[in-house]
Amino acid sequence: MEKEKQLAWMRLDNAAKIYPAARRRSWNCLFRLSASLTEDIDNSIMQNALDITVKRFPSIAVRIRRGAFWYYLEEVEKAPSIKSEAAYPMARMSFKDVRKCAFRVVCHKNRLAVEFYHALTDGNGGLVFLKTLLAEYLTQKYGVSIPNEKGVLDRNEKPKKYEIEDSFLKNDGPYSSSRREATAYRLKGTLENDGYLNLVTGILDVNAVLLLAKQYNATVTEFLTAAMIYSIINIQNRTTPNKKRQKPVKILVPVNLRKIFGSQTLRNFALYITPGINPRLGNYSFEEIIKSIHHQMGYEINAKNLASKIAANVGAERSLILKIMPLFIKNIAMKAVFNLFGERKSSITISNLGAVEIPDEMEPFVTRFDFILGEQALCTNACSVLSYKGKINISFLRTVKESEVEKEFFCFLRKFGLNIKVESNKR
Amino acid sequence: MYCIKCGVELSQGEKVCPLCGLKPYHPELSENSGEKSYPTSRIPSYETVNKQGILFLITMAFLVPIAITILCDTTITGSFSWSGYVVGGLMLAYILVVLPAWFKKPNPVIFVPIFFAAVVVFLLYIDIATGDEWFLSFAFPAVGALGLIVTAVTAVAKYVKKGYWYIAGGSVLAIGGYTCLIEFLLYITFGFKTHFPWSFYPLVGCVIIGGTLLVIAMSKPLRRRVQKKFFI
């Protein structure tokens, strides 16, 4: 008798554990990475390429399942079929869907997009998956041979152990720092009643932005973060004119830990920092803000400090009481913690994936990359940044009708003389 | 094409500026044509809280005590006696709170009289069950009159968007008149006799307050002075 195939399974990594617990009726934290090609995509070749690629990614081609004490990832038996695009990116993925397959591949004309449930991987891991899938597709369609470099993996290889490790557990520091933080200003707006997600993408010249950031002795992330803080302070001045009642404006900036700790994992390995400005202290000029943000980031981003933050998260996971708590009670506790602290400590997220590099052989076929961070549980807006081929794409996704944040942000950047091309899915 | 307000370049297919909503227009340039990057007509389904499901659960929560009381009553006394009052009370609460929630936009002008009608029916049941005779001469006119007043006030407040001072003054006067009616009904039904009519006191109070409100309603300068003095 033939033995039934044993499906591989693995634990959720440390950062992923919060996502299934914090989920809401129709909210699961997603993010989307997409690539636009020169020609329209052939869906049957893409399906073929996907079937081959998923075998190389045992930590991404998975679904979420429920254990008695923890959720776990289980390999999917076959790759999901390719979906067609809807009016907005990241249509809700209910938990029912996540239990079938926790990612989806969406093709629209010349654009290939992969939407990941955040418990599987972070932006950098997802980018490796997208590049490898693209490489396989281009190989099959055009017969180009693409070297396995710059984030493209060999599809014939067996998955490496270091790719599916939970790097958090290896890099926790000896001391765990406190997670206490001040509550930040929250953006407000009128929710779309049918759940429509509004996307606005601004396309800028990367060199112009780099030059501008250099003038302030800052990196691009620091410059954009400072510009965002400046914009949100302006919004808060309008909604809460009384300075005494204003709240700190803080930005959640995810930090990729792979380079800092020398990891090559394809699972979540990012932490966040929340640089910010307290407008109660007085009126800040943009120069003051960017200087402060530059120093705050420099102070926060170093291996020792981040290791102490990891230790705090890992410590909670290792506590015996939490371990033996049945899953449904654990969910209530974790959700309560998430609701109380999770998104209340920042006004908006700016996730910058940086410059995307692909093998030279692929470049003529790929015109554009995009990164969109999904709808958040409480925060009405999310901002994500990525650059490719001299262009920097800043995407804003929002659940509300008002485009106040984008408008304030882009109009502020306009004052520096930058040319901004905007596109949207405005109905 | 550029937005003249925000100064940003609009990508192909952007009919209006996605930031400020302004429609770019130039007499010598054609409209910004081309396809957008998302097919805006395909809107995915979106799961929200199922109102009907919650209402069904609440209905069940009402049915459980009703079933238990009837069961207890019939097993203890062998007949349907005191549980009728409990069931009637619960049904009244249901009609007042839950029934309107079943509808998308419940109209108070319809549901207020329904509630008062339900109260009248419940009182009729009590009257018959206890064998007294106070329904026709007291309960029906008392509840009916109150129902008329409340329905009239709700209807006027809902459909007439102006003249809230008149409505407030009128309803206070109506309540004053209602107290007189109550005293009269008590007298003819139960024969309560007092040396002088007590309803005179609330009536005087209501007439003073209601009259003042009507005077304010009629005089524009007075209304403005009141608003200036008491704004919050």
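Helix axes here are lines fitted to C-alpha atoms over the stretch in contact, and angles run from 0 to 180 degrees between N-to-C directions. With that in hand, welcome to a predicted model, in which local features need pLDDT of at least 70, side-chain atom pairs count only at pLDDT 80 or more, and totals for chains, interfaces and linings use all residues. Residues are numbered from 1 along each chain as its sequence is written, while chains are lettered from A and ligands numbered from 1 in the order in which they are written.

**A helix pair in chain B**
- Helix 1 (residues 51-76) and helix 2 (residues 83-97) of chain B have axes that come within 9 Å and cross at roughly 170 degrees; helices are DSSP runs of H or I with at least four residues, strands are runs of E with at least two, and both are numbered from the N terminus.
- Helix 1 of chain B is therefore roughly antiparallel to helix 2 of chain B, a label for angles over 145 degrees.
- On the helix 1 side of chain B, the contact (C-beta atoms, placed from the backbone, within 7 Å) is made by F62(B), P65(B), I66(B), T69(B), I70(B) and D73(B).
- Helix 2 of chain B answers with S83(B), V86(B), V87(B), L90(B) and Y94(B).
- The residues of this contact divide into eight nonpolar, two polar and one charged, where Ala, Val, Leu, Ile, Met, Phe, Trp, Tyr, Cys and Pro count as nonpolar, Asp, Glu, Lys and Arg as charged, and the others, Gly among them, as polar.

**Chain B as a whole**
- Chain B has seven helices and one strand, in the order β-α-α-α-α-α-α-α along the sequence.
- Chain B is more spread out than a compact globule, because its radius of gyration is 30 Å, well over the 17 Å that the globule rule gives for 232 residues; the radius is taken over C-alpha atoms, and the rule is 2.2 Å times the number of residues to the power 0.38.
- Its C-alpha atoms fill a box of roughly 90 × 60 × 25 Å along the principal axes.
- Of the 232 residues of chain B, 7% count as buried, meaning that 20 or more other C-beta atoms lie within 10 Å of a residue's own.

**Where the chains meet**
- The contact takes 28 residues from chain A and 23 residues from chain B.
- Helix 13 (404-414) and strand 16 (421-424) of chain A each give two or more residues to the side that touches chain B, and helix 13 of chain A gives the largest share, five residues.
- That side of chain A has ten nonpolar, seven polar and eleven charged residues.

Key:
Angles under 35 degrees count as roughly parallel, over 145 as roughly antiparallel, 65 to 115 as roughly perpendicular and the rest as oblique. Two residues are in contact if their C-beta atoms, placed from the backbone, lie within 7 Å. A residue is buried if 20 or more other C-beta atoms lie within 10 Å of its own, exposed if 12 or fewer, and partly exposed in between; C-beta atoms are placed from the backbone.
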